[in-house]
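Q: Hi! Could you walk me through some side-chain contacts in this one?

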Amino acid sequence: MTKQIHLAAHFPGVNNTTVWSDPEAGSHIEFSSFVHLARTAERAKFDFFFLAEGLRLREQGGKIYDLDVVGRPDTFTVLAALAAVTERLGLTGTINSTFNEPYEVARQFASLDHLSAGRAGWNVVTSWDAFTGENFRRGGFLPEDQRYVRAKRFLETAGELFDSWRDGDVLADKASGQFLARSDAGAFERHDEQFDIAGRFNVPRSPQGRPVILQAGDSDEGREFAAATADAIFTRHGTKEAGQQFYSDVKGRLARYGRKPSDLVVLPAATFVLGDTDAEAQELADVVRHQQVSGQTAIKFLEQLWNRDLSGYDPDGPLPEVDPLVGENTIARGRASVRMYRDPLATAKQWRELAEAKNLSIRELIIEVTGRQNFVGAPETVAESMNDLVQSDACDGFILVPHVTPGGLDPFADKVVPLLQERGVFRTDYEGTTLRDHLGITKPQSL
């Protein structure tokens with residue numbers, strides 16, 4: 001059976017995918033930019049708008065990493081404002097389970113789901129470093145196994161809060177004068193190693209019952225967490241083979257939790273560059289990659305692996321002969337990429353071999369090793385490539401990350417979406433009103 005493609009739009013904020021120096025780029029913090037991207041996604045009938053979150057500005061060498069876009073307005077504020085200027089588009093935000101509390105987060109998402117008439121989604125993440133923790137009262141951070149224990153308990157507790165109100169609890173019968181169907185609506189109690197709370201949840205059951213739950217972890221713990229609790233998983237596996245392996249693995253875990261493969265939607269992040277021809281798109285993609293990785297940026301990326309000040313090196317020259325410094329104190333604080341280099345010496349060896357084999361400079365090497373899933377080509381080529389990955393069970397769709405904000409999604413909406421619609425693999429209009437409707441996920445039954 002032909003699968004329908006799911007599409008979401010990622011508002012690129014704190015990352016190096018964004019070319020903030022492009023003449024077409026606008027603000028990454030003014031509301032008009034969020035509105036433009038969201039409305040583009042909605043007219044193209046995307047499933048949802050996705051907003052990541054940074055709880056601390058990243059640093060390198062003790063200074064704000066100003067080669068990234070800095071600043072991030074509050075997630076709930078932005079999504080609530082977007083609820084007023086969109087009608088069907090799902091509104092999904094990343095909210096951390098390490099430094100927040102279940103009651104406040106559940107209250108905020110239940111409120112967003114009401115305000116948006118059932119379009120709220122929660123990307124549940126954990127925080128991994130003490131650097132970020134310094135911004136919070138508790139400080140510090142949790143070891144990886146404890147982070148997922150807390151995240152699991154956090155989500156369970158939030159679920160109990162959402163379910164403390166049932167469908168039909170609010171009668172509001174003007175004739176009889178009875179407002180509630182039961183007097184104990186909203187009552188909850190949770191006592192475990194993470195939370196010790198009891199009281200009344202003060203937001204009645206929302207249109208979706210619970211927000212759609214997304215999860216972005218790729219570790220074994222993250223995959224298991226997603227299989228047990230998530231409605232969608234946000235991945236970085238872009239190639240067909242890697243995507244199929246991930247897809248098969250995570251979908252295969254669902255049965256042990258009494259779930260079907262269709263209960264979890266797999267959505268890798270993807271960038272795209274379009275041209276009138278494939279050749280033109282390839283040329284433009286090369287320009288974009290050089291915009292994304294300037295000489296200065298290349299050195300900064302190299303420092304993240306080498307854990308040394310490399311400002312004296314020529315980005316158009318060879319890799320340093322000196323080896324990376326291995327240790328807990330990293331030169332780049334708050335950057336998730338640091339976690340990728342579990343064995344810096346082994347990674348440096350691989351990079352040296354690649355640079356030697358292809359005669360690559362520092363900048364050329366960084367351009368090659370930091371590239372993410374890209375769809376590059378004429379609209380017809382991109383549409384065919386996307387459809388092939390979905391039909392081949394490498395994923396269920398894509399979270400698109402344009403490299404220019406806020407207008408970078410417009411060409412895709414205007415040129416690729418119609419081709420997917422012609423193939424019959426993407427909707428021509430919304431068939432439902434909630435985010436669960438868009439994703440084909442059933443509403444959980446109230447207790």
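Q: To begin with, is Arg-423 buried, partly exposed or exposed?
A: Arg-423 counts as partly exposed, because its relative accessibility is 35%. Buried means under 20% relative accessible area, exposed over 50%, and partly exposed in between (1.4 Å probe, protein chains only). Keep in mind that this is a predicted model, where local features need pLDDT of at least 70 and side-chain atom pairs count only at pLDDT 80 or more, while totals for chains, interfaces and linings use all residues. Residues are numbered from 1 along each chain as its sequence is written, and side-chain values use heavy atoms, with hydrogens and water left out.

Q: Which residue does Arg-423 form a salt bridge with?
A: Its partner is Glu-384, with the closest N and O atoms 3.5 Å apart. A salt bridge here is a side-chain nitrogen of Lys or Arg within 4 Å of a carboxyl oxygen of Asp or Glu.

Q: How many salt bridges does the structure hold?
A: There are 32 salt bridges. In one of them, the side chains of Arg-190 and Glu-160 meet at 2.6 Å, N to O. Arg-190 lies in strand E9 (residues 187-191) and Glu-160 in helix H5 (residues 144-163), so this pair ties together parts 30 residues apart in sequence.

Q: Buried or exposed, that Arg-190?
A: Arg-190 is buried, with a relative accessible area of 12%, whereas Glu-160 is partly exposed at 33%.

Q: Switching to rings, how many aromatic pairs are there?
A: The structure holds 15 aromatic pairs. Rings of Phe, Tyr and Trp (its six-membered ring) pair if their centres lie within 6.5 Å; planes under 30 degrees apart count as stacked, over 60 as edge-to-face and the rest as tilted. Phe-272 and Phe-412 form a tilted pair, 5.2 Å centre to centre with 55 degrees between the planes. Phe-272 lies in strand E13 and Phe-412 in helix H14 (residues 410-415), so the pair ties together parts 140 residues apart in sequence.

Q: What about their relative accessible areas?
A: Phe-272 is buried at 4%, and Phe-412 counts as buried at 0%.

Q: Which residues do ring pairs link into a cluster?
A: Phe-76, Phe-109, Trp-122, Phe-154 and Phe-195.

Conventions. Helix = DSSP H or I, 4+ residues; strand = E, 2+ residues; numbered from the N terminus.
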